[in-house]
Amino acid sequence: MGKVTGLGGLFFRSKDSKAQAQWYEENLGINSATSGYIWMQEAGPTVFSPFKQDTDYFGSAEQQFMINFRVEGLDELLADLAAKGVRIDDNRMDESYGRFAWIYDPEDNKIELWEPVNG
């Protein structure tokens, strides 16, 4: 029987796709397929969750989706991103299942960073 085994890619529109791809590679280590190799992610939990159409969780009403990246060393990553001039949201969230922070890419897309609780 066939089944879905995970996400195989994430494709989204961009005003300047080359600059966006470069930003994601330089700041988050996620390369585009044009760089000659494909980002190999670590296995772990993935949440797939539609939100209400009028949610304000994504930032602007124009943003139709939000990427959530699993991370290790959230504080260290945020310090590195701040040193590179990446826009970082002041809000933080600590939940029983992990810690959250948010950053923005050059086209003002809100990105969620999630450091899951180990165990």
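Y97 is partly exposed in this predicted model. Its relative accessible area is 46%. F100 is buried, at 6%. The two rings have their centres 5.9 Å apart and their planes at 75 degrees, so the pair is edge-to-face.

A search of the whole structure finds nine aromatic pairs. One of them joins W39 and F69, again edge-to-face. Here the centres are 6.3 Å apart, with 75 degrees between the planes. W39 sits in the loop between helix 1 and strand 1, and F69 in strand 1, so the pair ties together parts that are 30 residues apart in sequence. W39 is partly exposed, with a relative accessible area of 33%. F69 is buried, at 13%. Elsewhere, F12, W23, Y24 and F65 form one aromatic cluster.

The largest nonpolar core has 16 residues, and L28, F69, I103 and L113 touch the most other members. Two or more residues come from each of helix 1 (17-28), strand 1 (67-70), helix 2 (74-83), strand 3 (98-104) and strand 4 (110-116). Helix 2 gives the most, with four residues. Leaving aside residues up to four places away in sequence, L113 touches F69, V71, L74, L77, L78, L81, R99, F100, A101 and I103. A second, separate core has five residues, among them F58, M66, F100 and W114.

Terms used:
Residues are numbered from 1 along each chain as its sequence is written. This is a predicted model: local features need pLDDT of at least 70, side-chain atom pairs count only at pLDDT 80 or more; totals for chains, interfaces and linings use all residues. Side-chain values use heavy atoms; hydrogens and water are left out. A nonpolar core is a set of buried Ala, Val, Leu, Ile, Met, Phe, Trp, Tyr and Cys residues joined through side-chain atoms within 4.5 Å. Buried means under 20% relative accessible area, exposed over 50%, partly exposed in between (1.4 Å probe, protein chains only). Contact means heavy atoms within 4.5 Å. Rings of Phe, Tyr and Trp (its six-membered ring) pair if their centres lie within 6.5 Å; planes under 30 degrees apart count as stacked, over 60 as edge-to-face and the rest as tilted.
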